[in-house]
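The sequence and structure are shown first.

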Amino acid sequence: MNTNLTVGQKLTKYEIHKAIACREFDVNETIQTLRHFGGIEFWSWGANSYINCAHKALQFKVTGLKHKGNVFIALNGLDLYDVVLTTSHGTVKCIMTDVYFDDLFNIMHKNIEVSI
C-alpha cells in the first residue's frame with residue numbers, strides 16, 4: 001500500500017485504487033470469504049454496488065452503523081489484505097493493513113458495524 005495514504009485525506013476513487021493496488025486477486029473469492037466468515041452479520045452492512053477494479057482492488061458501498069460509504073480491498077505483496085474505508089465523497093476514514101483472510105470479516109465488521 002502507498003505509505004502516503006492517510007486518514008482525513010480526500011482522494012478520487014481512481015487515486016485510492018492506485019494507492020492500494022499491488023497485485024491481482026480473485027475479487028469474487030474475497031466476497032465469498034466475507035460472506036462465509038460473516039454469515040448473516042455480513043448482510044447487516046448493506047453491502048452493494050460491487051466493482052472489480054482491474055482484478056487489483058474490490059470496491060463496494062456499505063451502510064453500516066459505524067461507517068456509511070465506500071470500502072476498498074486489495075491484496076498486498078505479503079498475500080494479506082489492505083482495506084480502506086472512505087466517505088462517499090472520498091475522504092479516508094480508516095486504513096487497515098496486513099489483514100489475514102480469516103480475520104478480514106471481523107476486523108471490517110468492527111469498523112463498519114459494531115465492536116465484537
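## Helices across the sheet

Helix H4 lies across E2, E3, E4 and E5 and runs at about 165° to E5. Helices (H or I, at least four residues) and strands (E, at least two) are DSSP runs, numbered from the N terminus. Helix H2 lies across E1, E2, E3 and strand E4 (81-86), at about 40° to E2. Axes are lines fitted to C-alpha atoms, for helices over the stretch in contact, and angles run from 0 to 180 degrees between N-to-C directions.

The model is predicted: local features need pLDDT of at least 70, side-chain atom pairs count only at pLDDT 80 or more, and totals for chains, interfaces and linings use all residues. Residues are numbered from 1 along each chain as its sequence is written, and side-chain values use heavy atoms, with hydrogens and water left out.

## Packing of H2 and H4

H2 (residues 27-38) and H4 (residues 104-112) pack at an angle of about 75°, with their axes 8 Å apart. They are therefore roughly perpendicular to each other (angles under 35 degrees count as roughly parallel, over 145 as roughly antiparallel, 65 to 115 as roughly perpendicular and the rest as oblique). Thr30, Leu34, Phe37 and Gly38 of H2 make the contact with Leu104, Phe105 and Met108 of H4; contact means heavy atoms within 4.5 Å.

## The sheet

Five strands form an open sheet in the order E1-E2-E3-E4-E5, with antiparallel pairing. Two strands pair if DSSP finds at least two bridges between them. The edge strands, E1 (48-53) and E5 (92-99), each pair on one side only. From one strand to the next, the twist averages 15°.

E2 (residues 57-63) and E3 (residues 68-75) pair in the antiparallel sense over six bridges. Val62 stands opposite Gly69 in E3.

## Aromatic pairs

Six aromatic pairs are found in the whole structure (rings of Phe, Tyr and Trp, its six-membered ring, pair if their centres lie within 6.5 Å; planes under 30 degrees apart count as stacked, over 60 as edge-to-face and the rest as tilted). One of them is the stacked pair of Trp45 and Phe105, at 5.2 Å centre to centre and 10° between the planes. Trp45 lies in the loop between helix H3 (40-43) and E1 and Phe105 in H4, so the pair ties together parts that are 60 residues apart in sequence. Both Trp45 and Phe105 are buried (under 20% relative accessible area; exposed is over 50%, partly exposed in between, with a 1.4 Å probe and protein chains only). Ring pairs link Phe42, Trp43, Trp45 and Phe105 into a cluster.
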